[in-house]
Amino acid sequence: MESDTTVRRIKLHTIQNDIFKDSNYAHNRHDKNGYGDIEKKSEVNSYLLREGVAALLVVAFILVLWGLVHLSLQQLVLGRSTGEFNALRARKHLESITSVGPRPVGSVENEVMTVGYLLAEIEHIREESMAGPHAITVDVQRPTGSFSIDFLGGFTSYYDKVTNIAVKLEPKNGAQHLMLANCHFDSVANSPGASDDAVSCAVMLEVLHSLANLSTPLLHGVVFLFNGAEENVLQASHGFITQHPWAKKVRAFINLEAAGVGGKEVVFQTGPENPWLVQAYVHAAKHPFASVVGQEVFQSGVIPSDTDFRIYRDFGNIPGIDLAFIENGYIYHTKYDTADRILTDSIQRAGDNILAVLKHLVMSEKLADASEYRHGNMVFFDLLGLVVVAYPARVGTIINCIVTMATFFYLGKKCMLPSNMGGRYIRELVYAVGVALLSWLVTLLSVLIVALLVTLLGRSMFWYNHFYASICLYGAASTGKMILIHTLAKNLYYGNVQRLELGELFFDVSLVLWCCALVYLTQQGLCSAYVPMLMVAFPLTTKLLLSREFKQRGASVKYSILYLVGLALPYVHFMFLIWVVFEIFTPILGRSGTEIPPDVVLASLITLGTFLLSSYFMHFIYLARSTKWILTVLGTVFVVVFILVSCGVFFPYSSNSYSPRPKRVFLQHTTRTFHGLDGQVAYKDSGLWINSFDYTAMRHITPHIPEINDTIRKHCQEDLPFCGFPWFLPVKFLVKKNWYLPAEEVSPKFPMEFKLLSKYKTEWGTIRMSFEAKGPSHMSLYLFPHSGATLTSWSFGDGIPQFDLSGEYFIFYSHGLEAPAWNFWLEIQPSSTGSEEGMISMAISSHYFFGEDKLTPQLEVMLQRFPLWAFPSSWLDFSGIDFTKIFLINHIPTLSNGS
C-alpha cells in the first residue's frame, strides 16, 4: 500500500493495529498497518453512516439541546416559593415607582416623588418591625464630588447634591460590619426604567421588609442603598462609598442592575478575588444563574456598559456580586421598559435569590474578616439553572492540566505504535489540523463577503427583527462552506484513505484544537478555561468508552447516538453560552453607532459559533457516505434567504406591542453660539441635531420625513471641541454621521449662564482661569487645548487631568435640586511660541431633559412625524463655544497663592 499513497493523498499510519482486526470490515486488508484495497464498495458503505441518518442525528441533537436551553430559561422559579419574599408586594412597589414616568436626575419625579415614596415605604417597614430585634436607621445623603473614569474612552464626572437614600438594618445592639445592597431609582430621560432599575429597588424594599421582620437577630448589619444618580454615569454610588460614614464599615456588596428587560438575573461579575462570595451565592441562591465567562467578557470592555460595581470595587476597594437582567435588550432604555413587561415570577426569583444570599452573608463569620478570605478567584457556572458548579481557580488549573495530560497521553500512545514510527502520525495530524484551519479561514472570508454584500445592498440589520433569518443566511453559508471544503478534502486530498480512519483522525483534530484553547486560556489565567476543559474531557472519555463499538461495527447508528449522548453535557452548556452571547450582542448592535457594520459583526459571531459547535461533528463528515443532499439543502436555504433579504422582505424594526424592535434616534433642538478670541459672537446657528444610533442611519427615516436626508449631513469641524456638537456623553467616535436641520432659535425659560470669573498668570508660568456656570441639571464641558498648550491641572477629581480623547477633555456635570452655581478652574501651560491663535477652545452645553424647556413646538411636530417603529429620544440644548485668548500675557497679574 505504500506505493498507493502520494503526497497529495496522505495515508494514515496512526490507528492502532488492532482497532479493526476483529471486524468483518478488516478481514480483506493485506498489510500490518490495516490499510488495504477495498474489494467491495457495499462492504465499505455498511460501516459508514447514511447521509440522511447523519444529518437527522446531528440536527435532532442540536434542536433537542437548544430546546432544553430555552426551556430552562422559561423556568423562572423552580419549585414552590418559601413565602419569605412576597413578589406581589414587590410588584406594587414597581408599579408605584414607574407610575411617575421617567426619572432623570434633577427632576421632580426623581428627587421628590420617588424619594418621597421610598421614604414612606421604608418608614412603614420601620414602624412594623419596631418590636423585633432589629433597628432601622434612614439617612438621605446629597453628596457633591468628582472623579474620572475610563468608560467610553475616558472622561471626568462632576456631581452636586445628587440623592442617596441609605437604610441601615442592624441588630439593636449595633453592628461593626456591614453588607451593602445597591439599586438605583433614577432612569434615563425618555424611559420609565422599570427593569433598569426600578424593579431592583422594588425587590430591595421587600427584602428589607423580610429581613427586618426576622425573629432571629442578624449577626451583621445591612445597608440598603437606593441611589438616585446611576444613569449619570455612576455618580451617586461614588458619593456614598467615598463620603458616607457608613461606607467605612462595608465589607462586601451586592449590586442589582439591568442590561435588558425581565427574564432571569444572572451573576456576571464577582470579586475582585474573594472566592467566599461566590461560595455564598452557590450555597444560598434558590434559583442559581451564573457564569464566570460573562464576568471575563464584561470586564474585557467589549460590552459598552458599566455598573456601580466598578465604583465600589475601584473607589471603595470592597468585593461584591453584580447581578443583572439581560433578556430583551432591544427595549432597554426605551419607552417600552414598562412594569407590565416584567413577569411576577421574574420578580419572585430575583427576590428569593437576593434575600437568601444576603441572609447567608450577614450571618457569616467571614464577613467580619473578609481580608482573611480575599485571595484567589473562582470558576463558576450553572447547568441549565439547576445547579451551580464552583471551585477555586487553582483547582481549575489542576483539573485543566490533568485533562491536557490525558489528551497528550491519548495522542502519544498513538505516536508510539510501531506503524507510526518516524513521526508519521504527527505529520498526518498536522496536515489534518491544517485542513481544518484552512476550512475555517475560507469559510469566514466567504461569509464576510456575504455580509459585506448585504451591507452594500442596503439591507443591513435585516435580522434585527428576524434573528433566525440571520441563522438561515449566515449559518447556512458557514455550515455549507465548511462541509464543502471537508467533502473536497475527503474525495480529492484523502481519496485513497479509508473513511473510518479519516473519521478517527478528524476526531483527534477537534481534540487537539480544543486542547490548544485549553492550554492558552489556562496559561492566561482565565477561569473561562473550564469551557474547553469540558469540550476535551467529555468527548475524549466518550470516544474511549465507544472504541470497542467503533472497531466492531464502524459508524453504526448505535455508535453515533451514544457518541452524541456523550457530547450532550458540554454541548448543552456551550449552547447556553452561545444564547447569552446573542441575547446580549444582538440588541447592542442596534445601539452601537453608525461606524461599525453590524452584519459583519453578527456574521462573524455566527460563523465562530458554527466552527465551535461543529468541531466534533467533523467526525461525521468523514463517516457519512455522502454529503451532496446536505449541501443541496444548505445551498437552497442560503439562496432563498439571500434573495428574500435582497428584496427587502425582512424589515429591521417593529412596533409590535408584544415584541417591539425600535430604531433608536436622538434629536436635540439646539442653538449654538460661537465666540472668537475677542469674546465677541463670531456666528450663531440653530437646528435640530439628529443622530442615529445604529448603522442604517437615516435610510429608513427619510421616506417618512423627506427633509432628513443627506443634503443636511453635517461633518465634524475638527478645529472645534467635539466637532462643535453638544454631546451629552463622549460618544462621537461611535456616531460620526450627523444631520443638522435648520430650525428656530432655542429660548429656554431658564437659560444657561456661563462666565469667566478670573484669569491670571501663576508664578510657575501657567494661566489659571476660574469660571461659573448656572443652568439645568445636566451640562457638558468640552476642552480642546491648542497645539503647544497643555492642560496641567483643574478643580476636578484629584486635580490632575487624566483622560485625553485625542487631545480633548470631556467633563460631565449634573445636580439634584437646589444646587448652587457650578464653579471650577483650569490651569493651562501656554505654547512657548506665544501664538495668537488661542491656547484652548472651550465649549459648554446645557441639556434640558425634563420640565417646560424639554420640548419646543418645532421639536414636537418633528417627533410626531416619526414612524411608530422608531424611538426618538429628544431634548433641548443650549451651547456656546469660546476661544480663550493668550496674547497680552504680560499684563496678567501673577499670584503665588492662586487666588
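Reader: Where is Pro272 found?

Author: This is a predicted model, in which local features need pLDDT of at least 70, side-chain atom pairs count only at pLDDT 80 or more, and totals for chains, interfaces and linings use all residues. Residues are numbered from 1 along each chain as its sequence is written, and side-chain values use heavy atoms, with hydrogens and water left out. Helices (H or I, at least four residues) and strands (E, at least two) are DSSP runs numbered from the N terminus. Pro272 is found in the loop between strand E8 (265-271) and helix H7 (275-284).

Reader: What is omega for the cis peptide bond from Gly271 to Pro272?

Author: Most residues other than glycine have a negative phi, and most peptide bonds are trans. The bond from Gly271 to Pro272 is cis, and its omega is near 5 degrees.

Reader: Is Asn274 buried or exposed?

Author: Asn274 is found in the loop between E8 and H7. Its phi is positive, about 50 degrees, although Asn274 is not a glycine. Buried means under 20% relative accessible area, exposed means over 50%, and partly exposed lies in between (1.4 Å probe, protein chains only). With a relative accessible area of 2%, Asn274 is buried.

Reader: Which residue is joined to Asp196 by a cis peptide bond?

Author: Omega of this bond is about 10 degrees. The second residue of the pair has its place in helix H5 (residues 194-212). The residue joined to Asp196 is Asp197.

Reader: How many of the residues of E20 are buried?

Author: Strand E20 covers residues 809-815. In a regular strand the side chains alternate between the two faces of the sheet. In E20 both faces are covered, with Tyr809, Ile811, Tyr813 and His815 buried on one side and Phe810, Phe812 and Ser814 buried on the other. E20 is therefore largely enclosed by the rest of the structure, the buried count being seven of the seven.

Reader: Which residue in E20 is the bridge partner of Ser157?

Author: Two strands pair if DSSP finds at least two bridges between them. Strand E3 (residues 155-160) and E20 run parallel and are joined by five bridges. Within E20, the partner of Ser157 is Phe812.

Reader: Which residue in E20 is the bridge partner of Met779?

Author: Strand E18 (residues 778-785) runs antiparallel to E20, and six bridges join them. Within E20, the partner of Met779 is Tyr813.

Reader: On which residue is the kink in H13 centred?

Author: The expected span of a helix is 1.5 Å times one less than its number of residues. H13 (residues 467-493) has 27 residues and should span 39 Å, which agrees with the 37 Å between its end C-alpha atoms. The bend at a residue is the angle between axes fitted to the seven residues ending there and the seven starting there. In H13 there is a kink of about 30 degrees, centred on Gly475.

Reader: Why are Arg91 and Glu95 separated by about one helical turn?

Author: A salt bridge is a side-chain nitrogen of Lys or Arg within 4 Å of a carboxyl oxygen of Asp or Glu. The side chains of Arg91 and Glu95 meet in one, at 3.8 Å from N to O. Arg91 counts as buried at 13% relative accessibility, whereas Glu95 counts as partly exposed at 40%. The separation is about one helical turn because, in helix H3 (residues 87-98), the two are four residues apart.

Reader: How far apart in sequence are the parts tied together by Lys684 and Glu745?

Author: Lys684 forms a salt bridge with Glu745, with the closest N and O atoms 3.0 Å apart. Lys684 lies in strand E13 (residues 681-692) and Glu745 in the loop between strand E15 (738-742) and strand E16 (753-761), so the pair ties together parts separated in sequence by 61 residues.

Reader: Are Glu827 and Arg768 buried or exposed?

Author: Glu827 forms a salt bridge with Arg768, the closest N and O atoms being 3.5 Å apart. The pair links distant parts of the chain, with Glu827 in strand E21 and Arg768 in strand E17 (residues 767-774), 59 residues apart. Both Glu827 and Arg768 are buried.
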